[in-house]
Amino acid sequence: MARRIHAPGYFFVDPLARIEKLGPLMSEPRFLTASQCKDIAGRFGTPVYVYDEAGLKRSARKVLDFPRPFGFTGRYAMKACSNAAILQVFHQMGLEMDASSGFEARRAMRAGIPAQHISLSAQEFPNDFVDLLRAGISINACSLKQLRALGEALPGNRVGLRINPGLGSGSSHKTNVGGPSSSFGIWHERLPEAKEIIGRFDLEVFRIHTHIGSGSDPAVWQKSALLTLGQVEGFPAATHLNLGGGFKVGRMREEVGTDLSEVGVPIKAALEDFARLTGRKLHLEIEPGTFLVANAGCLLASVEDKTTTGDEGHVFLKLDAGMSDILRPTLYAAQQPMTVVPLAKKSGQEMESVIVVGHCCESGDLLTPDPSDPVRLKERSLVRAEIGDLMVIDGAGAYCAAMQAKNYNSFPEAPEALLRESGEITLIRKRQTLDQIVQNEVPL
Ligand SMILES: *Cc1c(COP(=O)(O)O)cnc(C)c1O
């Protein structure tokens, strides 16, 4: 039985209590070594998110090298992982920010990001948008209502326009951010109404923005760029073209990721053609989230329990993490790579087919869903794990720490750590305490 150590308001397994000797791992986590896992779990407890500074910088360099014929701005869609330290790493690399709410824009400013480096594309238009604009943030109007509000408050102002050009390529309506089933942006057939508002308030549309989640196929990106350029023609004052994010990343070995240098080639050509035809040399922007962080982050958890439902059933590994830390499997049937880091191993290196579940009292808290259906179980073949072993869930840099079923079952928000390029491991967010979970409640 693992020793339990007491942290204010929270118990967690102290894996050091179980460590005898670490044998060679049969499969490796993406960026952590077994001994780093052991060290991190010992220092911060589990579950804990860990980010890889070298990996963050590698992906940032790829974004900054995106093919472009004229000017270029690479932005980080900060909703993917919003910790100030991550924003600072990207800011120092030369990336600017894409914020998806007024709160996010202010969070970026608190992290030291200059307002001039923040562009806001929001589903819910912030009430304080005038203050944000005055501070220096640029705003893409994402609906006719937003455009009208901007015009009424600040006639004559510069504004970006997010358009839904009628194309989408997500795998389901949950990931589709363009096309008729997506509510994001101004539907292309309603642009005459947008132009009426722009004329009425004398707005200057300086940027045309689309974010349709085009995946990894250069042909789809070309189509999306051409469609968007078609829209730019109708806005003669526009100097900037923002193609959004949605560059697919391969988390699992068999998944295809995006080669930005390849995807950018037809986009660059399209911008050159556009300049030849119209004399307009557009400044290109892209704003990936997933691409920048997905594979540069993992969730380090412990195997908290192990159970079986017999010959007709399954072997279940229960982690001390789950939908309260990583929601993508439940929400999208997303597949995440998992590596067992055996701590106290008597057994050899044999494999076992298991179902991995989270710690919430909720049958949807499933970490190995069938890829075609989040409610169906799919066994995963992993190195045989015992209670107290560590589990690395890779590909957890994007939309995990930033998008969980926070505090469900009153589990505290897990800490975040950064593996520096120097090899040093720094805590960049502490574990939440029970006091913090209930601090805003008003007891009777
Ligand atoms: C979410 C979002 C992105 C980033 O999407 P990824 O799929 O993570 O690359 C970029 N732009 C906008 C407007 C977004 O809402």
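**Close-up views of a predicted model**

View 1. Just after helix 3, Gly94 takes a positive phi of about 110°. Helices (H or I, at least four residues) and strands (E, at least two) are DSSP runs, numbered from the N terminus. This is a predicted model, in which local features need pLDDT of at least 70, side-chain atom pairs count only at pLDDT 80 or more, and totals for chains, interfaces and linings use all residues. Residues are numbered from 1 along each chain as its sequence is written, and side-chain values use heavy atoms, with hydrogens and water left out. At the N-terminal end, helix 3 is capped by Asn83, with a side-chain oxygen 2.8 Å from the backbone nitrogen of Ala85. Within helix 3 (residues 84–93), the buried residues are Ala85, Ile86, Leu87, Val89 and Phe90. Buried means under 20% relative accessible area, exposed over 50%, and partly exposed in between (1.4 Å probe, protein chains only).

**View 2. Glu416 and Leu427 on strands 21 and 22.** Glu416 is part of strand 21 (residues 416–419), and Leu427 is part of strand 22 (residues 425–429). Glu416 counts as buried because its relative accessibility is 3%. Leu427 has a relative accessible area of 34% and is therefore partly exposed. Contact means heavy atoms within 4.5 Å. Leaving aside neighbours within four places in sequence, Glu416 is in contact with residues including Tyr49, Tyr51, Cys81, Asn83 and Leu427. With residues up to four places away in sequence not counted, Leu427 touches Phe44, Pro415, Glu416 and Ala417. From C-alpha to C-alpha, Leu427 and Ala85 are 9.8 Å apart in space, and 342 residues separate them in sequence.

**View 3. Gln404 in a loop.** The loop between strand 20 (390–393) and strand 21 holds Gln404. Gln404 is buried because its relative accessibility is 14%. A polar atom of the Gln404 side chain lies 2.9 Å from the backbone oxygen of Ala401. A polar contact is a pair of N or O atoms within 3.5 Å; within protein, one must be able to donate a hydrogen and the other to accept it, and residues adjacent in sequence count only if both atoms are side-chain atoms. Not counting residues up to four places away in sequence, Gln404 touches Tyr49, Met323, Ser324, Asp325, Ile326, Leu327, Glu413 and Arg429.

**View 4. Val303 on strand 13.** Val303 belongs to strand 13 (residues 297–308). Its relative accessibility is 2%, so Val303 counts as buried. Among the residues that Val303 touches, not counting those up to four places away in sequence, are Leu317, Leu319, Ala385 and Ile387. The C-alpha atoms of Val303 and Val341 are 9.8 Å apart, with the two residues 38 apart in sequence.

View 5. The ligand is surrounded by 14 residues, the closest being Lys79, Gly246, Glu287, Thr290 and Tyr399. A residue is near a molecule or strand if one of its heavy atoms lies within 4 Å of it. Oxygen atoms of the ligand lie 2.7 Å from a polar backbone atom of Gly246 and 3.0 Å from a polar backbone atom of Gly289. A ligand nitrogen is 3.5 Å from an N or O atom in the side chain of Asp98. Taken alone the ligand exposes 390 Å², and the protein buries 89% of that. Accessible areas come from the Shrake-Rupley method with a 1.4 Å probe; for residues, only the protein chains shown count as cover.
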